[in-house]
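User: Hi! Could you walk me through this one before I set anything up?
Analyst: Happy to, here it is.
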Amino acid sequence: MATDSILPSGFEDLSKYASEWIHATEIDRNRFRVSCTLPELQDFYDTMMPRLESIANYLNDYPLDALPRACANLLELALMTMEVAPAIEYYNNPDVPNAVEYEKFRIYPLRNNYSVVDEQSAAADNS
Amino acid sequence: MSFDTDKRLFGEARLNHEQFPHLPTGPVSTVPYTSEDYLARERDAIFKRMWLLAGRTEKIPKKGDFFVKVIEVLNTSIIVVRGQDDRVRAFYNVCRHRGTNIATGSGNCKFFTCNFHGWVYDTAGRNRHIADESQFFDLDKSKLNLHEVNCDIWNGFIFVNFDEDPRETLLEQLAELAPQLNDFPFEEMQVAGHWGATLTANWKLFLDAFQEGYHVATVHSGTINEYYTGERNPYCRPSSVRLYDRNRGLTIPFNPKFQIHASEAFAIKTGVSLSQGEEGLKKEVPGINPEGDEYYSFDINAIFPNWLLDTSIGFFFIHEFWPIDATTTRWEATMYFPPPVNAGALISQNQSIALLRDAFREDIATSEGSQAGLMSGSLKEINFADSEITCRHLYEAVDQMVNGNWHGTRVSS
């Protein structure tokens, strides 16, 4: 896998989502989801959902505590797919309707269950 | 006791009250949901006396780990800390000099230093240093340790009790709920989602929104309704109810005709899902589904006074309802999953996290509207259905505690 690519090989076609849809936290993923239009969410969902299983199979070969950046990007696209899923599958709307106002609801930050390995310093250590 | 589940879910008989005939069925007063005087009595009779949830032990796994818990109804915050001797203790977050809070948030330390004048306490609460001590008059430092609060642990849940001489042990207060849940694998799980809101609603009214299924068909019509209702259980009645002293439990079944969506199919295959249906039932988990519901989804376990411990197959979640005043409540919800073993498990968990979080935003949307209606004074009484027996039970348990006629083992009329 080339270390300078945004996504692992085999998933390059998803790179069109890389600039906007990759977010590292639940707060950012939710905020981005509710800022999208339903057609934008539908397009992302339709592209990503059939790929989820192959994404999981690919990523399962890597330890969660030392993911190359491209793998973390791919993981975060998959996590965004799960954030988007209820909007498409249930609400047919970017945000959940008839819910308490967005501003009144707090999502607390949590430490992620994965970490990214710094490939450049890892390569330097090996040389 | 045998349960004819189908009869419970759509018969006309009011089987929950038949099972618990000691609970009254008439209307209840709106006063306990609206009155500051009533909250003051709850403070004295309940919050100052009973074991209250402080947090989970996995939040402070290492010596010196601590977190601060704010308890508004008691006008205080406490420090919960794992001492250098590995013991978990709780202290008033109050410097013995002039009362300043000595810690905020969470962290790890060997000593707490007050940032006002630099008094120092160790993690066992002992006063270890008074700056410029010679300038005080007849101080005995050994008598100026942090004030300790009673602290006990059950199944990784840290409880505190502000009564200097608690009338009940923690296990007595938990009653039969403790043995039911003793073997549930709480310690195998960690926080995977944490949400909160402070709303204009009484703490009991707010809690009630999460301890009955009657609201599901309406409040959750846009989200999880179809997983829980359907022709077998159109009003999402509980398939069983348990009363354990002032605590209570109920089981919520799923709709066997539910059609899973793509994200749920992925989550079920890769890990675990809120809406895992019959796939979930293939796993054996101790402590859940006490009545053996064949379409079991999850149990709501209401732990008196103010929190819910909802257990299911492969995850659990907690709701805490902390009164700030009679009509303002801070709600905190935390969802727990096992640490993900790989990316697939992590992705699968996020399916439930997003859906449940959004469903909670629906749940809490009605509370402020209900409170506003009660505050108008136009309603003097509330009628609870048989399927809302848990709301009734909370009302009765609180009212009897407040009036000093708690009968010890059962809520009686």
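Analyst: One term to begin with: buried means under 20% relative accessible area, exposed over 50%, and partly exposed in between, with a 1.4 Å probe and protein chains only. Note that this is a predicted model: local features need pLDDT of at least 70, side-chain atom pairs count only at pLDDT 80 or more, and totals for chains, interfaces and linings use all residues. Residues are numbered from 1 along each chain as its sequence is written, chains are lettered from A and ligands numbered from 1 in the order in which they are written, and side-chain values use heavy atoms, with hydrogens and water left out.

User: Thanks! Is B:Ile268 buried or exposed?
Analyst: B:Ile268 is buried, because its relative accessible area is 17%.

User: And which helix is B:Ile268 in?
Analyst: Helix H9 of chain B, residues 262–270. Helices (H or I, at least four residues) and strands (E, at least two) are DSSP runs, numbered from the N terminus.

User: What does B:Ile268 touch, not counting residues up to four places away in sequence?
Analyst: B:Ile260, B:Ser273, B:Ser275, B:Gln276 and B:Glu279, where contact means heavy atoms within 4.5 Å. B:Ser348 is 80 residues from B:Ile268 in sequence, with 7.4 Å from C-alpha to C-alpha.

User: Switching topic: which residues touch the most other members in the largest nonpolar core?
Analyst: A:Trp21, A:Leu75 and B:Trp331, out of 127 residues. Such a core is a set of buried Ala, Val, Leu, Ile, Met, Phe, Trp, Tyr and Cys residues joined through side-chain atoms within 4.5 Å. Its largest share, 15 residues, comes from helix H5 (69–91) of chain A.

User: Where does this core lie relative to domain 1 and domain 2 of chain B?
Analyst: Between them, because domain 1 (5–45 + 175–402) and domain 2 (52–167) both give residues to it. The bounds come from an automatic or database domain assignment.

User: What about the sheet in chain B, how many strands form it?
Analyst: 7 strands, in the order E2-E11-E10-E5-E4-E3-E6, making an open sheet with antiparallel pairing. Two strands pair if DSSP finds at least two bridges between them. The edge strands, E2 (52–56) and E6 (106–108) of chain B, each pair on one side only.

User: How many bridges join E2(B) to E11 of chain B?
Analyst: 4, and these two strands run antiparallel. One bridge pair is B:Gly55 with B:Ile158 in E11(B).
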